[in-house]
Amino acid sequence: MNAAPTPRALARERTTARIVELGNAQLAESGVAGLSVREIARGLGMVSSAVYRYVASRDELLTLLIVDAYEDLAAAVEERLAGAGDEPRERFLALGGAMSSWALAVPERWSLLYGTPVPGYAAPSETTNAPGTQVTREVLAIAADAARGDRPLGESPALAPSVADLLAQHLGEFDIDADAATAARAVTAWSGLVGVISAHLFGQLGPDAVALGEGILRPQIEILADLITPR
């Protein structure tokens with residue numbers, strides 16, 4: 001049986017959660033450039049040196065915010081999928097809709113995950129990989145379910161052996177039973193979701209498109225669904 005957290009551990013957990021909350025508020029107000037451990041210390045009523053016991057640097061603060069954003073996005077997707085049926089296409093459309101809704105609601109957090117890399121910062125893979133691949137795994141699982149159906153999608157392009165091996169490795173890590181061609185389709189669909197949402201969010205489709213909100217994304221998500229699920 002696991003021991004109950006100590007009061008000190010609980011206090012640290014609460015303070016860390018508050019640091020993330022204040023960091024997200026800074027992110028919404030000023031973007032990544034406005035992140036300041038000193039300002040977070042002021043919000044906590046602490047001296048800066050005390051905050052560094054929780055986040056040793058701005059890079060550690062960024063990592064906390066990235067992990068929090070990945071977890072929040074995954075939770076939004078999970079909630080939407082809970083209301084979807086079992087049919088793979090319906091589930092992919094629900095997943096894509098959840099991603100686009102989340103991105104439009106918190107564009108600064110989407111930008112932190114999928115926008116321009118922060119100069120000089122490298123996300124630690126041992127901390128960010130697991131939360132950062134939760135949605136990707138859902139897309140792979142949906143594609144695998146669709147591939148087991150009786151309505152084939154047609155022939156997939158040939159994959160180089162090295163690419164097929166890498167995809168098979170990732171399928172094994174995610175414990176998903178599918179072939180490399182299915183994984184390639186799934187990764188392309190997921191990359192497409194990130195791309196179309198980012199293009200819309202960052203104004204690359206023009207101001208008129210931005211005004212349309214999620215309405216312009218729905219047909220694009222439908223097209224991406226064709227990659228992994230039959231109509």
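Domain 1 and domain 2 bury about 380 Å² between them, of which 76% falls on carbon and sulfur atoms; buried area here is the accessible area (1.4 Å probe) that two parts lose on being put together, summed over both. In domain 1, Asn 24, Leu 27 and Val 32 lose the most area to domain 2, together accounting for 84% of what that side buries. The domain assignment gives domain 1 as 1-56 and domain 2 as 69-227, with bounds that come from an automatic or database assignment. The C-alpha centres of the two domains lie 30 Å apart, and the contact takes 4 residues from domain 1 and 4 residues from domain 2, contact meaning heavy atoms within 4.5 Å. Across this interface the rule finds 0 salt bridges, a salt bridge being a side-chain nitrogen of Lys or Arg within 4 Å of a carboxyl oxygen of Asp or Glu.

The structure is a predicted model, in which local features need pLDDT of at least 70 and side-chain atom pairs count only at pLDDT 80 or more, whereas totals for chains, interfaces and linings use all residues. Residues are numbered from 1 along each chain as its sequence is written, and side-chain values use heavy atoms, with hydrogens and water left out.

The largest nonpolar core holds 62 residues, among which Leu 73, Phe 92, Leu 95, Met 99 and Trp 110 touch the most other members. Both domain 1 and domain 2 give residues to this core, so it lies between them. Such a core is a set of buried Ala, Val, Leu, Ile, Met, Phe, Trp, Tyr and Cys residues joined through side-chain atoms within 4.5 Å; buried means under 20% relative accessible area, exposed over 50%, and partly exposed in between (1.4 Å probe, protein chains only). Not counting residues up to four places away in sequence, Phe 92 touches Val 139, Ile 142, Ala 189, Leu 193, Ile 221, Leu 224, Ala 225 and Ile 228.

Helix H7 comprises residues 125-132, and its buried residues are Thr 128, Pro 131 and Gly 132; helices (H or I, at least four residues) are DSSP runs numbered from the N terminus. Seen down the axis of H7, the buried residues fall within an arc of 95°, so they line one face of the helix, the arc being that of the directions from the helix axis to the C-beta atoms. These buried residues pack against helix H4 (58-82) and helix H8 (134-147), while the face turned away carries the exposed residues Glu 126 and Ala 130. Thr 128 has a relative accessible area of 7%. Neighbours within four places in sequence aside, Thr 128 is in contact with Thr 63, Ile 66, Val 67, Tyr 70 and Ala 123.

The salt-bridge rule gives a count of 10. Asp 68 and Arg 109 meet through their side chains at 2.7 Å, N to O. Asp 68 lies in helix H4 and Arg 109 in helix H6 (residues 107-114), so the pair ties together parts that are 41 residues apart in sequence. Asp 68 is partly exposed at 26% relative accessibility, whereas Arg 109 is buried at 9%. A salt bridge also joins Glu 39 and Arg 42 (2.3 Å, N to O); these residues, 3 apart in helix H2 (residues 37-44), are separated by about one helical turn. Arg 89, Arg 218, Glu 222, Asp 226 and Arg 231 are linked in a network of salt bridges, in which the side chains of Glu 222 and Arg 231 meet at 3.9 Å, N to O.

Methods
Helix = DSSP H or I, 4+ residues; strand = E, 2+ residues; numbered from the N terminus.
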